[in-house]
Amino acid sequence: MNAVNQADQTLHSLAQLLALTAMQWLPSRPDDSQTNLCWNSDRHRLEGRPFTHNGHQLRLVIDMNTFTLQFIDEREHISATFSPENRTPADALIWWTSQMQAWGMAGGNPLNYQLDQPPVAAQAVYKRPAELLTWAHWRTTANAALKTLNEWSGRESDIRIWPHHFDTGVYYAQTDPDGREKAAIWAGYAIADSVCSEPYFYLSGYQRGQAVGFGAAPALSAGQWRVGPDWQGALLPISEAADTAHIALFFQESYSWLAETGLPDWINSVEDRR
């Protein structure tokens, strides 16, 4: 499991440049989603959002096959590339800054969040993670599981990786008559942190003005409920995720309890859990 965690740390560090690119070229959104990322399992790469430069749609990606950062256009032509192997995060930032300047962009817009600590220290040397294939497997599994949850619940949400915590997630919100968010359920796949020492699937939610009684939730057939200072909600470590059916059961049972009992004001549409 340490090797998978190491892959997460390395890619989390490199992903900050994808988010930083978005901060220079894309308009800000209220939910900061201009910085979030996509895991493209077909092309085996982590992708930032596209932006326009000189009439071309460009994006910065992390290609897992070559373990390189690449600026690619809509025709899949590579306009610039950087190999982080035996280089440092400081070196990667110098390369990125040079590319921004070559394109006439000062690169002065900072990220709109702060990491508690760098995933890889600025002067530490990157090494190609030994478990990139395992990392890719779990991100592909997460995409598929969340797509299934979207379809099963009748809810719609983009499946994206958020560069701050580097989790793959979906977010279902409901609003009051004034258009203000009154309740939400969120689910996804998180990297190892203070909640769990290995990557894990999660689901939680909230209702405005009322605490959710997670401690009263019935036991799950897959995973468990956690109630603590770092996390309140359902959790399934990947070491306990036997197969895709097990993961689907975890999401369905935890979602059902929140939607039907845990959040009294949650409105279940006729399409829910079809």
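**Close-up 1. The largest pocket of the predicted model.** The volume of this pocket is about 1300 Å³. Its lining comprises 41 residues, and W162, P163, H164, H165 and D167 are those nearest the centre. Two or more lining residues come from each of α1 (2-25), β7 (160-162), β8 (167-175), β9 and β10. Sorted by class, the lining of the largest pocket contains 17 nonpolar, 13 polar and eleven charged residues.

**Close-up 2. The second largest pocket.** The space in this pocket amounts to about 440 Å³. It is lined by 22 residues, with S13, Q16, L17, P89 and L93 closest to the centre. The elements giving two or more residues to this lining are α1 and α2 (89-102), and α2 gives the most, with six. The lining of the second largest pocket has 18 nonpolar and four polar residues but no charged ones.

**Close-up 3. Strand β10 and its paired strands β9 and β12.** β10 spans residues 200-207, and seven of its eight residues are buried. Strand β9 (residues 181-190) runs antiparallel to β10 and is joined to it by eight bridges; in one of the β9–β10 pairs, Y189 has F201 of β10 as its bridge partner. β10 is also joined to strand β12 (residues 232-237) by four bridges, again in antiparallel orientation. Here the bridge partner of L203 is A234 in β12.

**Close-up 4. Cysteines C38 and C196.** The structure contains zero disulfides. C38 is partly exposed, at 23% relative accessibility, whereas C196 has a relative accessible area of 8% and is therefore buried, the cut-off for buried being under 20%.

Note on methods. Residues numbered from 1 in each chain as written. Predicted model: local features only at pLDDT ≥ 70, side-chain atom pairs only at ≥ 80, totals over all residues. Heavy atoms only, no water. Buried < 20%, exposed > 50% of the residue type's maximum accessible area, 1.4 Å probe, protein only. Pairing = 2+ DSSP bridges. Disulfide = S-S within 2.5 Å. 1 Å grid on protein atoms, 1.4 Å probe; cavity = no way out; pocket = protein on both sides within 12 Å on 5 of 7 lines; lining within 4 Å. Points joined across faces, edges and corners; volume = space filled by probe spheres on them. Nonpolar A, V, L, I, M, F, W, Y, C, P; charged D, E, K, R; others polar.
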